[in-house]
Amino acid sequence: MKQDGKETAERRLKEILKVLKCHHVTKGIDPKKLCDILEDLGATYVKLGQIMSMRSDILPEKYCKELARLRTDVKPLPFDTIRYIIEQETRCPISSLFKSIDKEPLGSASIAQVHKAVLKNSEEVVLKIQRPGIKETMADDIALMKKASGFLNFATGIGDLIDFRSVIDELWKISKEEMDFLKEADHLELFYKNQEKIRYISCPKVYKKHSTRKLLVMSYVKGIKIDQIETLEQLGYDMLEIGKKAAENYCKQILEDGFFHADPHPGNLWISGGTIVWLDLGMAGYLSDHYKAILKRAISAILKNDIYELKNAFLSFGNPTEKINHAQLYTDLDDLVGRYMNMDFGSMNLGELMEDGLDLLKTHKIAVAPDITLLARSMITMEGTLKICSPKVNMVEILTTHMSQILMNEFDLKKELRHNFRAIYSSSKKSLEIPAQLSDLLNITKNGQIRINIESSETTEWKKQIQDHVNQMIITCLVAVFWLTSAILCLCDLPKAIFHLPWLSFFGFFIGGIFVLYLLIHMLLVKRRSKKNKKIKYNHLYKKT
């Protein structure tokens, strides 16, 4: 079994090398060539390109724009292959279920292909068919990528600034979810239930009895993509109204439902009969009540310019991997909020705010839950969609307005009075304890028992540097002792054994040499780490300005 896996990996590696050779990668790569290579390499690399298209912090903007083309523009499968897959999944001939199936696909993506069809009862439907062997191929590709992730960090010269392994893990997690069409069917049913009371929002109906993990049957939506502005305006639609309603519904998904569309690009938002239809819920995100509450706290804190509350909400989004420098975190958050509070809502950019927030989490080594990173990326995509179809709609303004309405609806006068009464009672009780506490403090001071602890991350760093220099001096002294002793032994009348040196002299020089080599490697690593920290600090300061 292991041998078969090894042979498959070797065969796949040969295929990859053949594609790279065909595209003459040794002559350089431009954005179009990169897209062509990823498309020829298959679904895994197309999906990787899709993820990377949303990572302008990693790739230049021109590459991101070209890679965005991979969202919908992928070479289609032959219809004979499609027919075979449908019959395999339904376990019956096509003619027994469908009156007809269009041979030309409506769309072809990295994981699936979409065809229009008509059921036996004359209902128009859409068939989403998974590409054959896609999961096995992607699993092999992911294994090869993980092996090459260390080389990618080295070859690109970015060191540890980008963790390619985490990008690959994210790719595999997203892909496995998208490859289970029954999960997407559940997403569609949940989305429909959440939005059923809103007349202007809808999604396709699912035919679960005909659907499997590799075949999804949905109602056909006859409509127009949200970015086809001229066509929509000719039909009498108001793009400002469409943009506002789409943004308001997206805010509802995040702040109220806790279940949101994770990839709201223009191809997934259609206008049909005066209704905004959300398509392709293969990528969807969940927000627990815990994270919804934190998100509301964070938005409220930004609106109130409450840095202390924002800091607490900020830390609740993830888990610190290192000791937090609280003073620096307060300063950075104050700078972040101050920069955006000086703008009016019309000029605020939610995408930039989200990216700055994520950068701040990275800077302070706070590991963020996958749901939060998915939400951030989804928000950035949604704002990009609004810029295309309705530039006058501001996502930050809609989000804060929606948040204000939620706070008004959740306001309970009796509850607030009860809470405030408890706070007053607690404060007054504590104030009665102050004289006794002051008396204890004065007694401790009088007896010389008072002790003040001051914590400073800069002092800690300074101590580390001093300790490092002391260690280097000790090693240098040891080298001097070994070499000097060995040199003296060479002058003594001892038998020559190795390289015309006495045994003791040779081992003394050898051990001293090992210490010197260790010292040089250590100094090189320290220098490289220092450069990396300076680069991160510079990038952080640059983003601030």
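Biologist: How many bridges join E5 to strand E10, and how do the two strands run?

Modeller: In this predicted model, strand E10 covers residues 275-278. E5 and E10 run parallel, and the number of bridges joining them is two.

Biologist: In what order do the strands of this open sheet lie?

Modeller: The sheet has four strands with mixed pairing. Its edges are strand E5 (201-202) and strand E7 (224-225), each of which pairs on one side only. The order is E5-E10-E9-E7.

Biologist: Which strands does helix H10 touch where it packs on the sheet, and what angle does its direction make with that of E10?

Modeller: Helix H10 spans residues 239-257. Its contacts on the sheet are with E5, strand E9 (269-272) and E10. The angle between the directions of H10 and E10 is about 45°.

Biologist: How do the residues of the contact of H10 with H15 divide into nonpolar, polar and charged?

Modeller: From H10 the contact includes Met239, Gly243, Ala246 and Tyr250, and from H15 it includes Leu375, Ser378, Met382 and Leu386. The residues of this contact divide into 10 nonpolar, two polar and no charged.

Biologist: How many residues of helix H2 are buried?

Modeller: Helix H2 covers residues 31-41 and is mostly covered. Among its buried residues are Leu34, Ile37, Leu38 and Leu41, as well as Lys33 and Glu39. Of the 11 residues in H2, the number buried is eight.

Biologist: Which distant parts of the chain does the aromatic pair of Phe191 and Trp278 link?

Modeller: Phe191 and Trp278 form a tilted pair, 6.1 Å centre to centre with 55° between the planes. Phe191 is buried, as is Trp278. The two residues are 87 apart in the chain, and the parts linked are helix H8 (residues 181-195) and strand E10.

Biologist: Is Tyr286, which pairs with Phe259, buried or partly exposed?

Modeller: The pair is tilted, at 5.0 Å centre to centre and 50° between the planes. Phe259 lies in strand E8 and Tyr286 in strand E11, so the pair ties together parts 27 residues apart in sequence. Phe259 is buried, with a relative accessible area of 1%. Tyr286 has a relative accessible area of 40% and is therefore partly exposed.

How values were computed:
Residues are numbered from 1 along each chain as its sequence is written. This is a predicted model: local features need pLDDT of at least 70, side-chain atom pairs count only at pLDDT 80 or more; totals for chains, interfaces and linings use all residues. Side-chain values use heavy atoms; hydrogens and water are left out. Two strands pair if DSSP finds at least two bridges between them. Contact means heavy atoms within 4.5 Å. Axes are lines fitted to C-alpha atoms, for helices over the stretch in contact, and angles run from 0 to 180 degrees between N-to-C directions. Ala, Val, Leu, Ile, Met, Phe, Trp, Tyr, Cys and Pro count as nonpolar, Asp, Glu, Lys and Arg as charged, and the others, Gly among them, as polar. Buried means under 20% relative accessible area, exposed over 50%, partly exposed in between (1.4 Å probe, protein chains only). Rings of Phe, Tyr and Trp (its six-membered ring) pair if their centres lie within 6.5 Å; planes under 30 degrees apart count as stacked, over 60 as edge-to-face and the rest as tilted.
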